[in-house]
Structures are given as structure tokens and as C-alpha cells.
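Take a look at it, then read on for a walk through the computed geometry.

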Amino acid sequence: MARVVIDPVTRIEGHLRIEAELQGGKVSDAWSSGTMFRGIEIILRDRDPREAWIWAQRICGVCTTVHAMASVRAVENALGVEVPDNARLLRNIIAASQNVQDHVIHFYHLHALDWVDVTGALKADPAKTSQIAQSISDWPKSSAVYFKSVQDRVKGLVASRQLSIFTSGYWGHPDYRLPPEVDLLAVAHYLEALEFQREYIRLHAVLGGKNPHLQTFLVGGMATSIDPNEPQAVLNPERIDLLRQLATMGETFVNQVYVPDILAIASYYPDWFQRGEGLGNFMTYGDYPAGGLKSVASYGFKRGMILNRDLSTVHPVDPAQITENVARSWYEYDGASGTSLHPSEGQTHPKYAGPQPPYEFLDVEAKYSWLKSPRYNNMPMEVGPLARMLVNYAAGQTDVKSAVDGALLAAKLQPQALYSTLGRVAARGLEAKVLAAKLSGWIDELDANMNRGELRIHNGEMWDPASWPKQAQGTGLHEAPRGSLGHWVEIEDRKIKNYQVIAPTTWLAGPRDANGVRGAYEASLLNTPLVNPEQPLEILRTVHSFDPCLACAVHVVDAAEVELAHEILTCA
Ligand code: NFE
């Protein structure tokens, strides 16, 4: 038996360590450890709940806006505030474009190089790459001359001996299977995706003032002025046109580059549609309200669970069934609390009990992670794009069904193929397709509101704290790119008494619980074959397919056990 350790796992956000035991060339057991402490909850104590979203965004350097969204929703829920229709639309546009941008970045910049050998691109015939590109898509940048210019760029990089972001890849690993021409196609799109994501996220620059860390959220609405007759307003007819252009650009890139590339690359790895699934239980809170946030039935993405891979039933989700478990995490709960608490009464008492560095292995029989273990009714759940696509597919949502069925048909696969490493990757691309298409509808609704004089963006009547109850509790749920995100706030005497976050990556990368039940990453790695344990590329494929963000899941470094309450380190 041999133990493989990957620490740090790179091409992710934050600090993740994977230990895997090998038997007969396959992973026989695995442990996932977050190696940073999480502290935003402590930083938020005693602050004005109206400013929580500004701090909470700093949880992450990638999906910052999602924490603003969950935070304002939690405080609005506690204070009983509904937001005006324009704020709902602005938030839907911000959230969907965040997902689209994040998914494109994940596929090309964080994950593709697990399947694409950059060095293979050097050997490609650009004329053949051009033929392949034109056979799978109408994307115009597809000439042999263009691909030759990309190849020359890569050659220049190699000749300079400064491989930069491409240093230390597992290049030449025997399980890289793409023909050099497809490697070149993917490398070209890797570079194009860098330009695309920068341009596309101008949606956030317009609506949020900047990206990352948007500035226009407010408890009770948004601070995004709308006025058809005011050139200085954030939204006027000219800006609506700009939003439409950017939305079209997103749809085009996703449909002509991202989704065709997933299908093309995946066709060389068919066995990865049967590998890496893990739990078989999937959960989503749902999002994109068409009316008030409370009318969950109106959501464009449905709330629900799929259990034991059974697509015939969408089970309801009751947030009261969620707990966070610390039996195997470096935390303690007070006195009689045991090891499992609902986040509304959650506690953040860090207590490191692992080995002192340098160490070879974690003590995986004891506590081994800074992540807690979220559970739904004591069960670990996979959250994320695959969970969202499965729940909406099973619920018969037409846009999701048509995207998923179209891809399955094109790839000649059955729905069971989705329960896999590549199923996760494909689901993310299909979700980007569905969300990119939804943007134009919300922009039209904003335009229509503006044209009929409905300009309200904020519901300000709760801004006088004297009107608040002495005590209040609220929950803010949101679907972030990596999955279901929850913020829980308790307000007392107008200040935050307790604040708890369960990020998607906490659901996914968390350790075992008190019953010894594995988390999603750990379960998904079982039985993964490794061609060469010195280059555990196969482990990276599955872990990366979840799009890890440990920064979200843990938050603030505390290597020297210094006081954390006024220190924030963002992860970007
Ligand atoms: Ni830091 Fe995040 C997303 C959230 S991940 S990226 O998506 O919330 O756990």
C-alpha cells in the first residue's frame, strides 16, 4: 500500500491537500484537507448587519459577489425586507454572468490542462487544426494561419525557457490522449478565453462599479441608478444596449467555443464518463427568482435533491435539515453541543490538533481539516452545476432539458454518464449555456420597467435601525458557481451576534463526519486508477472537476495563531 500526497493542489483557489492510499494501482481511500483556517465569521461579529456583505465578499477572490448576494439576502430575511423588481433583475443578471464567466475560466484555465497537453500543440499541423475547428463550430477564428500564429506563440514561450503558468505540468503523461491538433485548438481557446472573460465581466463593471468585489449591493435592494433621461445614470438606454451586446457575446462564446470544446475533448476520454462520481446524492437551493425570493416555486433554477441517482423524483429541500459537523475538523463546539450544529446556532472555535510541520502525512484517523463537514439530514451532498442540471432536468425545466438532451445526443451518451468526472465538466458547460441565454430576458425586463417609469431600485424603509426588532435571525441562500451557498445571521441590538457561512466547497471538500462518512471529493476518488503515482494526474482530473475554492471554504490564514479579528487576507 502506498500513500500519494498532493499538497498544494494547484489551479484552484486556496489551499487544498489530498492524501490517497493506493492498492493495486487504484485509489483505495482518500482524505481531503483544507489547510487554512476560516475566520470571516469572527470578523463579522458585532458589526452593523447592513455592512456584512462588504466584508463577506472578501471571503473569496474569485466568486466575491456571491457572498454579497447571500449576505444581503440573509439580512433582508432577518429584517423581513423584500427588494424591488429592478433589484431582483439586477441581481439575477449579476449572478448569472458571474456563473458564466467563472465556468469559462474554470474549464480553460483551471481544468483543461488535465486533459490537454500543451507540449502536444507544438507538434500539431495547423491546417488540420483548422479543419477540426471548422467541423465542430462556426466560430470565425479558425484559419490555419491563425492556429499557426498561436503555435508560434507557444514555441516562443518554450524557447524562452520561461514557461510561466505552464511550468511543472505533468506534460508527456501517458494518459494525455488528444491528437496534437486538438491540443493546439484547446491552447488557442485557452488564450482566447482569457480575453473573453475580461471583456464579458464588464457586465459587473457596469452594474457593480467594479469586478471583483462589486460595490452596488445594499440591504433592501441595489445602488444601481436607473433613469432613461439621465446620461449619468448607471442604467439608461445606452447602457441597456451595452448590456445586450455583452450578453450576446457571452452566448456566442459559450455556444461556439466552450461547449463544442468540451464535447470534442471529452470524446477522447469516454471512460471518464464512468469514473469519479462519488456520492450519488445531489442538492441545490435553487435561484433566479421570477418574483419575490420567498416564492421558491417561481425560481428559474429549481430547489431540490436527487437521491441515489434516481431522476424519477425531485425531493424537497428543507434548510432546517442542514448541519455542520466538526468531529474530524480542527474546531470545537461548546459543552453539550456535540459535534453537529445547525448553522443558525453554529460556532467558530478553531482548535488545531494536527501534526506540526514539517510532516509527511496527516493523522487521518483523527481530525484533519480546517473545513467542517456540512450534512443534510446526516447525509453528505454533492452541490454545484451537476446537481443543478440534474434537479432541473428531473423537474422538466425545458431550457435545461433541451441543453442536456442535446449534449447527450451529440455525445451518444445516456443520462447515467452525467454521474462522473466528465459529467460534472459537461454539466458546468451546459449550465453556462442555459444561463448565458437567460440574460437577455432579464435585460428586456429591466428595459421595460425603465420605459414604464418603474425606476425603484431600493426599499429603504428598514434603514432606520430603530425600527428593527431587538433580535432577528435570517438565512440567505444562493447558487454560486461551485454550488449551494448559505449565510446565516443572528442580529441582536442592531449588531451581528452570530454569522455562519457554508460555502459550496465546504459541502464538497469537507472531511469525514462523526459517522466516518466521506465527503464528496473523498468519495469521488475511490477506485481511480493511477498510471503513474509520481504524476497523479487522474486525481487532479476528478478533484478539479468540482472547481475547488478552498478560500471560500476556509477564509483566513492563521499559521502563527495570531489574533484574526481585524485582519483580512483576500485570496486573489
Ligand atoms: Ni471562492 Fe465560492 C463559489 C462560494 S466556493 S468560489 O462558487 O460560495 O465554495
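What follows goes from the overall fold to the metal site and then to the nonpolar cores.

This is a predicted model, so to speak with its own ground rules: local features need pLDDT of at least 70, side-chain atom pairs count only at pLDDT 80 or more, and totals for chains, interfaces and linings use all residues. Residues are numbered from 1 along each chain as its sequence is written, and side-chain values use heavy atoms, with hydrogens and water left out.

Let's start with the whole thing. The protein has 16 helices and 13 strands, taken as DSSP runs (H or I, at least four residues, for helices; E, at least two, for strands) and numbered from the N terminus. Its radius of gyration sits close to what the globule rule gives (2.2 Å times the number of residues to the power 0.38, with the radius taken over C-alpha atoms), so the protein is as compact as a globular protein of 572 residues.

| Property of the protein | Value |
|---|---|
| Radius of gyration | 23 Å |
| C-alpha box along the principal axes | roughly 70 × 60 × 50 Å |
| Accessible surface | about 21300 Å² |

That surface comes from the Shrake-Rupley method with a 1.4 Å probe, and 51% of it belongs to carbon and sulfur atoms. Buried residues (under 20% relative accessible area, 1.4 Å probe, protein chains only) make up 59% of the 572.

Now for the metal site. Which residues are the protein donors of the ligand's nickel atom? They're Cys 60, Cys 549 and Cys 552, each through SG, lying 2.2 to 2.3 Å from the nickel; donors here are N, O and S atoms within 2.8 Å of the metal (3.2 Å for Na, K and Ca). The four donor atoms subtend angles of 103 to 124 degrees, which makes the arrangement tetrahedral, a label that needs all angles between 85 and 135 degrees. Cys 552 also bridges the nickel and iron atoms of the ligand, which lie 3.1 Å apart. Cys 60 lies in the loop between α2 (52-56) and α3 (64-79) and Cys 552 in helix α16 (residues 550-554), so the pair ties together parts 492 residues apart in sequence. Both Cys 60 and Cys 552 are buried.

Finally, the packing. A nonpolar core is a set of buried Ala, Val, Leu, Ile, Met, Phe, Trp, Tyr and Cys residues joined through side-chain atoms within 4.5 Å. The largest one has 170 residues, and those with the most contacts inside it include Phe 217 and Trp 507. Helix α12 (residues 421-451) gives the largest share of this core, 14 residues.

Key:
Tetrahedral: all angles 85-135°; square planar, octahedral: opposite > 155°, others 65-115°. Buried < 20%, exposed > 50% of the residue type's maximum accessible area, 1.4 Å probe, protein only.
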